[in-house]
Amino acid sequence: MTAATKSPHAPAYDEAPIATALIVLADGTVLKGRGLGAEGHAVGEICFNTSMTGYQEIMTDPSYAGQIITFTFPHIGNVGANPEDVETQRVAARGAILNLDITEPSNWRATQHFDAWLKANNLCAIAGIDTRALTHRIRDLGAPNGVIAVNHAGKFDIPALVKEAKSWPGLDGMDLAKDVTCRQTYHWEGSTWQLPGGYAKSPAAKYKVVAIDYGAKDNILRCLSAAGCDVTVVPATASTDDVLRHKPDGVFLSNGPGDPAATGEYAVPVIRDLIAKDLPIFGICLGHQMLALALGGKTRKMGRGHRGANHPVKDLGTGRVEITSQNHGFEVVAESLPKDVVITHRSLFDDCVEGLAMTTKPVFSVQYHPEASPGPQDSHYLFNRFVENMAKK
């Protein structure tokens with residue numbers, strides 16, 4: 001793009017050979033590039049996401065707390081940014097790594113250039129990185145700890161950044177749900193997005209659902225509402241009494257970031273109490289993992305995790321294959337599950353446990369994101385399955 005045609009809202013890229021942003025890994029590796037977004041630096045786990053769309057939803061997904069996201073799709077910014085496509089108002093991701101400069105927006109819903117959105121949310125980003133090589137490194141060696149730093153004058157204290165990357169403890173054993181959960185109980189309003197009016201109003205509700213917020217995405221709550229649920233959201237630290245005082249017909253365990261075993265220190269006893277009450281329960285992502293812990297299973301850190309909108313999952317009951325949206329770095333250990341729990345879904349990439357259900361109670365969960373934000377809508381039926389379980393009570 002020439003200076004004469006460049007959008008006045010586009011970032012000013014430094015054409016000098018000086019690096020205005022760095023990725024510094026804990027092993028001392030330094031990757032140089034062009035700074036985007038806000039100046040500053042942030043430390044976290046560096047992961048990759050293979051989605052071809054939905055970068056704004058990805059950056060605002062609370063499950064990415066503590067992580068710096070490498071986008072494998074090159075055209076980040078092509079639909080701009082807008083206030084509707086956020087999954088939470090408090091951005092949890094710590095930065096973004098791109099191959100190409102941010103694309104000029106070309107979408108009727110765009111209200112802001114993506115670089116301006118990054119700045120407004122105080123997020124650092126870097127372009128000019130060989131994201132293919134970085135993705136291969138993560139695939140082969142696991143997700144490294146690292147620092148993303150942006151300084152438009154090109155001044156960096158690399159030894160200090162290496163030290164910061166090395167000293168960061170990593171996500172294993174880290175409870176991040178407390179950082180991203182709501183601060184107080186609230187009632188959810190709003191349904192799924194529709195043309196031409198945008199987000200619809202909540203339809204008439206048949207069932208009261210309490211959603212425990214470990215880092216819930218807004219579109220999950222919209223899907224529950226669209227399925228006929230009157231949703232009350234409670235913080236991750238809510239007690240059993242806090243949940244039951246709302247007299248729910250069912251309980252939803254949300255997605256979220258961090259190590260499920262760490263969050264489970266306070267969440268698992270509550271989930272066990274709720275199972276004992278014979279309430280229908282539906283868990284997604286972190287909620288799936290902590291449900292497994294509550295049932296006596298175990299979880300473990302994955303070497304590279306699943307992050308993308310193209311993950312094939314097989315429903316073992318029907319034989320149907322769903323293309324799913326995923327974002328998780330921990331998994332349920334299949335061999336640890338008790339006899340009254342069946343594995344309902346498996347990943348066709350690596351055979352990871354993608355779903356489970358109790359044989360004696362209306363309790364089930366999935367590892368992936370059926371709300372499809374971003375991603376395919378193959379798995380929307382799970383919200384109806386939850387409602388059907390409540391209808392049987």
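Predicted model: local features only at pLDDT ≥ 70, side-chain atom pairs only at ≥ 80, totals over all residues.
Residues are numbered from 1 along each chain as its sequence is written, and side-chain values use heavy atoms, with hydrogens and water left out.

The chain holds ten helices and 19 strands, where helices (H or I, at least four residues) and strands (E, at least two) are DSSP runs numbered from the N terminus. Its radius of gyration, taken over C-alpha atoms, is close to the value from the globule rule (2.2 Å times the number of residues to the power 0.38), so the chain is as compact as a globular protein of 393 residues.

| Property of the chain | Value |
|---|---|
| Radius of gyration | 21 Å |
| Globule rule for 393 residues | 21 Å |
| Span of the C-alpha trace along its principal axes | about 65 × 45 × 40 Å |

Buried residues (under 20% relative accessible area, with a 1.4 Å probe and protein chains only) make up 57% of the 393 residues. Of the contacts (heavy atoms within 4.5 Å) between residues at least 6 apart in sequence, 74% join residues at least 24 apart.

Helix 6, which runs over residues 218-226, is mostly covered, with eight of its nine residues buried; among them are Asp 218, Arg 222 and Cys 223. Just after helix 6, Gly 228 takes a positive phi of about 105°.

Conventions
Buried < 20%, exposed > 50% of the residue type's maximum accessible area, 1.4 Å probe, protein only.
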